[in-house]
Amino acid sequence: MPANQELPQLPAVGELLTSGLDKVLAGRTEPAWLTDNRRNAWKAFQAMEMPFWRRTNLRQFSFDLFRPTFGIAEIRFTGQEGVIVRDMQSALRERPDLMDDALGVSLDARPNKFTALHGALWQDGVFVYVPKNVVVEEPIRIVYRLPEAGAAIFPHTLVVAEPNSSVTVVEEFVSDDLSDPALCIPAADIIVNDNAEVRFLSVQSFGRNAFHIGSQFVSMRGKDSRIWWLTAALGGRVQHLEMEIYLGGNGSHADWLGVNYANEQQNLVYAPIIRHVGLHTEGSVNFRSVVDDEGYAVFDGLIKIEKGAQGTNSDLRDNALHLGPKARSDSIPGLEIDANDVKAGHGSTSGPIDPEQVFYLRSRGLPEAEALRMVVMGFISEVVDQIPVEDLHDRVVDLIAAKI
Amino acid sequence: MNNDLVIKNLHVEVDGQEILKGIDLTVEQGKIHAIMGPNGSGKSTLAYTLAGHPRYEVTEGEVWYKGQNVLDLEPDERARLGLFLAFQYPVAVAGVSVANFLRAAINAHRAEEGVDPRKTAIPVAEFRKKLRERLQLLNMDESFARRYLNEGFSGGEKKRLEILQMAMLEPSMAVMDETDSGLDIDALRIVANGINSIKEQRPEMGILLITHYQRLLNYIKPDVVHVLMDGRIVREGGPELALELEEKGYDWIREEVIGHAS
Ligand SMILES: Nc1ncnc2c1ncn2[C@@H]1O[C@H](COP(=O)(O)OP(=O)(O)OP(=O)(O)O)[C@@H](O)[C@H]1O
Ligand SMILES: [Mg+2]
């Protein structure tokens with residue numbers, strides 16, 4: 001999609017608040033339940049206060065000026081028998097029956113003014129459906145593009161993996177550097193059924209001035225289901241992602257990796273919850289944060305072990321590396337346990353780069369800048385080197401190298 | 001060109017305390033010099049100072065190599081000039097694989113001012129071949145190349161990796177700080193043989209061996225042995241001096257130099 005193409009837009013949110021949502025909804029043909037959801041979400045949006053997130057800087061933020069903009073999703077997938085990979089509007093016309101109990105779980109998890117606005121206005125997105133026993137080898141690639149300053153986009157990814165299926169879904173959030181703020185409110189609902197496996201990669205590499213504030217939810221409702229989720233925050237001005245892996249199915253398993261790199265004046269926040277509900281579930285959360293300049297990275301993570309979740313084994317960590325004296329990071333790894341037969345660990349480290357490492361590399365002839373870059377890349381490589389899609393791995397490495 | 005490493009009246013402080021108190025030492029091109037001395041006498045301080053570690057402050061003296069005042073150079077410039085230090089305590093760097101690091105280091109040596117680094121970089125096939133050969137030379141498994149730099153390495157593996165790096169970077173002057181410590185008897189033989197064959201291929205390479213033990217010198221024959229004590233070179237001699245030290249310890253020298261035993 002060329003960046004300069006004319007995209008369908010609504011009036012700015014401030015104007016919509018006066019003119020109402022009805023005109024917008026009148027132009028759409030979609031299931032009645034969805035229209036109801038939108039009306040409720042719009043009401044909620046109007047009633048709600050701005051969320052107060054202590055570590056997320058929304059001081060100069062206002063919804064009023066953003067113009068909701070559509071047609072910003074791009075899909076790359078060759079196709080496979082039985083597998084549905086469709087833009088949301090087509091999917092809602094063709095197979096709403098496969099979507100209705102899954103769509104929007106992320107919006108209900110921790111509702112706030114942002115998720116409400118998404119619920120009212122969203123239109124773009126991708127529906128991925130993998131039938132029973134189907135293994136999809138080719139990664140399904142989605143790109144969401146913030147087209148211009150002043151735009152607001154509401155990309156929505158919905159993945160349903162039926163029993164014994166396997167799939168890799170990659171979503172990338174991109175834009176140019178923008179002269180003024182633009183807003184992305186993403187949502188992702190991922191449903192993993194019995195013995196299915198989903199690999200989900202979500203890479204945010206917006207240019208300057210993008211706000212990325214949204215919600216992602218993985219429901220591991222299937223027995224012995226597996227999720228491998230890698231998330232990267234590299235771009236934008238402010239990010240605040242509330243995320244959850246709900247380990248409902250007995251024996252379900254989650255591997256969660258993240259890399260957060262905040263420099264210049266970036267304020268990038270991850271708020272992941274791993275919720276253990278079924279018996280004998282396993283979770284491993286391993287994030288890396290790097291901060292430089294006046295960047296501020298936040299890891300506000302929680303292991304929640306519900307009553308009855310016996311046999312849980314869970315671990316949550318975030319290690320942060322500080323490159324500049326003015327850069328900051330906060331790691332708040334939390335633990336709430338309401339079951340007794342469990343194993344759970346959590347921890348975080350933070351500190352500057354080790355000068356002995358830099359000296360060691362320099363003593364072999366690497367110039368200082370290159371030695372620094374190598375130590376930083378080493379610090380995040382445990383996460384980044386696991387990206388299973390080669391061009392994406394290389395792009396992430398290049399993006400990070402450019403920030404060092 | 002004279003490629004001796006010349007150290008003149010070198011004084012070095014660490015945290016405001018003088019450790020080296022006027023070292024005069026010339027390591028001749030192509031020669032093997034050994035430095036022996038009691039714990040804490042300043043051997044590693046000398047090695048780190050030559051490599052340019054920022055903690056070691058030179059308060060007086062000069063170090064010359066290949067016509068350059070080494071003390072004016074950054075640590076990486078010294079390395080690219082041909083100086084190499086095998087560390088007594090090598091540093092682990094998580095996430096950086098041995099192979100990637102060695103390739104980057106070799107390319108840093110090959111880089112030329114104003115030339116596209118892709119033009120001077122070592123071709124991948126050539127690098128792989130060289131790496132395989134040198135791993136074999138040191139009896140190291142190929143899987144070492146994929147491991148992270150010193151991360152989780154045993155003491156002996158770290159020392160081998162230092163010598164592997166030396167074999168790959170082909171310095172013209174190598175300082176080895178207790179490369180023999182931590183090696184078992186077989187590993188010592190393998191590493192010493194490795195050093196000898198590197199030296200055979202590059203007879204012009206100068207070596208400064210820091211060691212406590214004669215057994216390394218049984219394999220690698222020094223031309224000159226220096227004794228470092230309390231920040232000064234107090235004695236120099238041939239290989240027989242190392243034997244004498246092994247037999248009698250350091251007290252007799254201390255007595256002669258300072259006039260009393262410790
Ligand atoms: N970073 C440092 N901080 C404080 N003191 C130091 C430091 N480095 C060296 N020293 C002191 O300098 C002296 C010489 O140390 P050095 O490591 O050079 O000895 P060495 O001869 O290599 O000993 P060894 O045989 O035990 O390796 C010692 O007294 C040591 O405690
Ligand atoms: Mg020492």
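I looked up the bridge partner of E13(B) and found E18(B), in β2(B). I am working on a predicted model, in which local features need pLDDT of at least 70 and side-chain atom pairs count only at pLDDT 80 or more, while totals for chains, interfaces and linings use all residues. Residues are numbered from 1 along each chain as its sequence is written, chains are lettered from A and ligands numbered from 1 in the order in which they are written, and side-chain values use heavy atoms, without hydrogens and water.

Next I followed the strands (DSSP runs of E, at least two residues, numbered from the N terminus). Strand β1 (residues 5-14) of chain B is joined to β2(B) by eight bridges, and the two run antiparallel. I then traced the open sheet of chain B, whose four strands stand in the order β2-β1-β4-β5 with antiparallel pairing, a pair needing at least two DSSP bridges. Because β2 (17-27) and β5 (68-69) of chain B are the edges and have a single partner strand each, one side of each lacks a neighbour in the sheet.

Turning to ligand 1, I noted 16 residues around it, the closest being G40(B), K43(B), S44(B), T45(B) and H212(B), where near means a heavy atom within 4 Å. Helix α1 (residues 43-51) of chain B gives the most to this shell, with three residues, a helix being a DSSP run of H or I of at least four residues.

Last, I checked polar contacts (here, N or O pairs within 3.5 Å): a polar side-chain atom of T45(B) lies 2.5 Å from an oxygen atom of ligand 1, and a side-chain N or O atom of D15(B) is 3.4 Å from a nitrogen atom of ligand 1.

Methods: Polar contact = N/O pair within 3.5 Å; in protein donor to acceptor, adjacent residues only side chain to side chain.
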